[in-house]
Amino acid sequence: GALQATLLEKNKTLAFLSAHDTVTGLYNRNHMIQRAEEEISRFHRFHTTASLIVIELTPVSDDRDSIEPSAKEEALKAVATNCLNTVREVDVVSRFSGEQFIILCPQTELNAAKNLADRLLDCISTHHSLVESFKTAMGLSELRESEEFTEWFER
């Protein structure tokens, strides 16, 4: 009884940790790649498109170390919170690497993804501490025929 419940709880925690980033609570790189691959195979089967939104934070100052780790963590959490409050339920938000986030928008054409990206930028720009320390760059791409994830992401 109790032991089994504890094991189930620990397995749930492990499953959560293996798919999520510890700082932001967003999905991590591996989970994002897996979900993107699923979208690509859906695209091949049903010809439903998908788009990626990439958000990258770069420190305003050239001295990367001038930003306190706690301030950096706050900035990452602010972006995470903004993203989660702005995206639709079907969108997959991940912290892909250091200061880079990817949002996978299933069944979404570029125009609709651009509207979402604009809303995200508006949201991010209201966070003064974020705007003071980081520049925000954003990129968009719609999935193309016979593209692998890396090609889609790098374009």
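Is Phe96 buried or exposed, judged by its relative accessibility?

1. Phe96 is buried, because its relative accessibility is 5%, where buried means under 20% relative accessible area, exposed over 50% and partly exposed in between, with a 1.4 Å probe and protein chains only. This is a predicted model, in which local features need pLDDT of at least 70 and side-chain atom pairs count only at pLDDT 80 or more, whereas totals for chains, interfaces and linings use all residues. Residues are numbered from 1 along each chain as its sequence is written, and side-chain values use heavy atoms, with hydrogens and water left out.

2. Aromatic pairs (ring centres of Phe, Tyr or Trp, the last by its six-membered ring, within 6.5 Å; planes under 30 degrees apart stacked, over 60 edge-to-face, the rest tilted) number three. The rings of Phe96 and Phe149 have centres 5.9 Å apart and planes at 55 degrees, so this pair is tilted. Phe96 also forms a tilted pair with Phe153, at 5.1 Å centre to centre and 45 degrees between the planes, and Phe96, Phe149 and Phe153 form one aromatic cluster.

3. Eight salt bridges (a side-chain nitrogen of Lys or Arg within 4 Å of a carboxyl oxygen of Asp or Glu) are found in the whole structure. Among them is Asp21 with Arg95, whose closest N and O atoms are 3.1 Å apart; Asp21 is buried, with a relative accessible area of 14%, and Arg95 is buried, also with 14%.

4. Glu99 forms a salt bridge with Lys72, with closest N and O atoms 2.7 Å apart; Glu99 is buried at 13% relative accessible area, whereas Lys72 is partly exposed at 32%.
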